[in-house]
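Visitor: Please show the model, and let us then discuss its architecture.

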Amino acid sequence: MEASEIYKCIADPQRLRILNLLEAGALCVCHLQEILGVPQVKMSKQLAAMKQLGLIKSSREGTWMIYSLIEPVHGLIHTNLNYLREAECTECNQLQVDLVQRGQLILRITQ
């Protein structure tokens, strides 16, 4: 995968947030929607574009569609996400908030 394709994906705020959430582990599309607060149509469009780029994969578990990052995670994705999580900007802070919400959601659905 070319660096320019990765940066195109990272440059989109929703895709950046999706990558951030999936780096922490696989999630159902419904959980991604809940955390990002976007309609299913918009989420499906973003996930399809990321899947076409070869950044994520999907699998079906019953009625749930589960998404995860392709392993091994490309170094540019990992490095950029780590940097952005530590940076000070509104979008960067949102990445931390998303991870907290992800943790709360996982805790809620596993209890």
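Visitor: Why is helix H3 largely enclosed by the rest of the structure?

Guide: In this predicted model, local features require pLDDT of at least 70 and side-chain atom pairs pLDDT 80 or more, whereas totals for chains, interfaces and linings use all residues. Residues are numbered from 1 along each chain as its sequence is written, and side-chain values use heavy atoms, without hydrogens and water. Helices (H or I, at least four residues) and strands (E, at least two) are DSSP runs numbered from the N terminus; buried means under 20% relative accessible area, exposed over 50%, partly exposed in between (1.4 Å probe, protein chains only). H3 spans residues 29-36 and is largely enclosed because its buried residues number 6 of the 8.

Visitor: Which residues of H3 are buried?

Guide: The cover over them includes helix H2 (13-23), strand S1 (27-28), helix H4 (40-52), strand S3 (64-69) and helix H6 (90-110). The buried residues are Val29, His31, Leu32, Gln33, Ile35 and Leu36.

Visitor: What is the strand order of the open sheet?

Guide: Two strands pair if DSSP finds at least two bridges between them. The sheet has 3 strands with antiparallel pairing, in the order S1-S3-S2. Each of the edge strands has a single partner, so one side of each is left without a neighbour in the sheet; these are S1 and S2 (56-61).

Notes. Contact means heavy atoms within 4.5 Å.
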